Amino acid sequence: MFFFKKRKKAQTQQQPSEPAPESLCVTTVLTPEKTSILEIANLQGLGQREQQQDAFGISPADRYETDGILAVLCDGMGGMAEGQRIACQTTACLLNAFPFPEPAVTSVPKLISACTQTIYQQFYGHGGCTLVAAWILGNQLHFWSVGDSDLFLLREHQLYALNTRQEFQKDLLLRSFHGAFPIEEAFSDPQAGALSQYIGKEEVTLDRTHIPLSLFPGDTLLLCSDGISDPLTLKQIREAMELPVQDCCSALEAAIRKAALPTQDNYTAIVLHYYGEKENTE
């Protein structure tokens, strides 16, 4: 059996989030010997937007022993219909289906495909959200992503981007490499920052793990919307992830507030620090 404890700084929740002010919640998964296996913190802020269109959710920590932990984050697409509703709907879609049927390598892509088709039928491609989801079972990490929300891994002081942003600029760069036009046009195109994939298209291409990634004790994961990864540098993100999870969230928020961008987007983060499972040698 595993135990968990929570420390709250501000009111939040472990299910798909409703619009909320800045929030911070810390959850620690413990062994029966009360040693930490996993510590989780989350952060959410409105930025300069009138409405919170990010959504996030974390599966119950007391099911860690059998099911692991699933963290989901979605960012409703600004300027399109019902971004908040679609983000919450997509987050709930994955959490309500958890634990996933075996094998997850095929069942989860099918689930996400069904979710995006349902949203497409509701909005005909005129509404959508991004998705990044991470599932830790034992020391194995599976992830799935659509759009430009990020999944970072900090390992031995090195920062790694685990997923690829699905933006139109990457398509333009590939075309320019094949001689379609000068590379400068790929960076200057007004649509370069637009998403090439998003939940709400009739069909989506997932970025995902085909083989789970093994986590090492001391690894830290960060799921975040572009309201965090766009205004902050990779150096700022890495330095924040070097801190304990609660301090990491506080550092990310402090950096965003210090930047004080007049166009600051909604921002959401889920931070997970993996301590590893220690065998009882007694």
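**Close-up views of a predicted single-chain model**

**View 1. Overall fold of the predicted chain.** Among the contacts in the chain with a separation of 6 or more, 69% are between residues 24 or more positions apart, a contact being heavy atoms within 4.5 Å. The model is predicted, and local features need pLDDT of at least 70, side-chain atom pairs count only at pLDDT 80 or more, while totals for chains, interfaces and linings use all residues. Residues are numbered from 1 along each chain as its sequence is written, and side-chain values use heavy atoms, with hydrogens and water left out. The chain has eight helices and 13 strands, where helices (H or I, at least four residues) and strands (E, at least two) are DSSP runs numbered from the N terminus. Of its 282 residues, 51% count as buried; buried means under 20% relative accessible area, exposed over 50%, and partly exposed in between, with a 1.4 Å probe and protein chains only.

**View 2. The largest nonpolar core.** This core holds 25 residues, of which L70, V72, F100, I112, L131, W144 and I199 touch the most other members; a nonpolar core is a set of buried Ala, Val, Leu, Ile, Met, Phe, Trp, Tyr and Cys residues joined through side-chain atoms within 4.5 Å. At least two residues of this core come from each of β5 (69-75), α2 (83-96), α3 (104-123), β6 (131-137) and β7 (140-146), and the largest share, six residues, is that of α3. Leaving aside neighbours within four places in sequence, I112 is in contact with L94, L131, W144, I199 and L206. Apart from this core lies another, of 24 residues, including I37, A61, I69 and L223. In soluble globular proteins, nonpolar side chains tend to be buried together.

**View 3. Strand β8 and its pairing partners.** Because six of the six residues of β8 (residues 150-155) are buried, this strand is largely enclosed by the rest of the structure. D150, F152 and L154 point one way from β8, whereas L151, L153 and R155 point the other way, and all are buried. Five bridges join β8 to the antiparallel strand β12 (residues 220-224), two strands being paired if DSSP finds at least two bridges between them; in this pairing, L151 stands opposite L223. With β9 (residues 158-161), β8 pairs in the antiparallel sense over four bridges, and here F152 stands opposite A161. The two strands β8 and β9 form a hairpin with two residues between them, and E156 in the turn has a positive phi of about 50°.

**View 4. Cysteines without disulfides.** The structure holds zero disulfides, a disulfide being a pair of cysteine sulfur atoms within 2.5 Å. For C93, the nearest cysteine sulfur is that of C115, 3.9 Å away, and C93 is partly exposed, with a relative accessible area of 22%. For C224, the nearest cysteine sulfur is that of C248, 9.5 Å away, and C224 counts as buried at 0% relative accessibility.

**View 5. P231 in its loop.** P231 is found in the loop between α6 (226-229) and α7 (234-241), where it counts as partly exposed at 22% relative accessibility. Not counting residues up to four places away in sequence, P231 touches D226, Q236, L261 and Q264. P231 and A259 are 28 residues apart in sequence and 7.5 Å apart in space, C-alpha to C-alpha.
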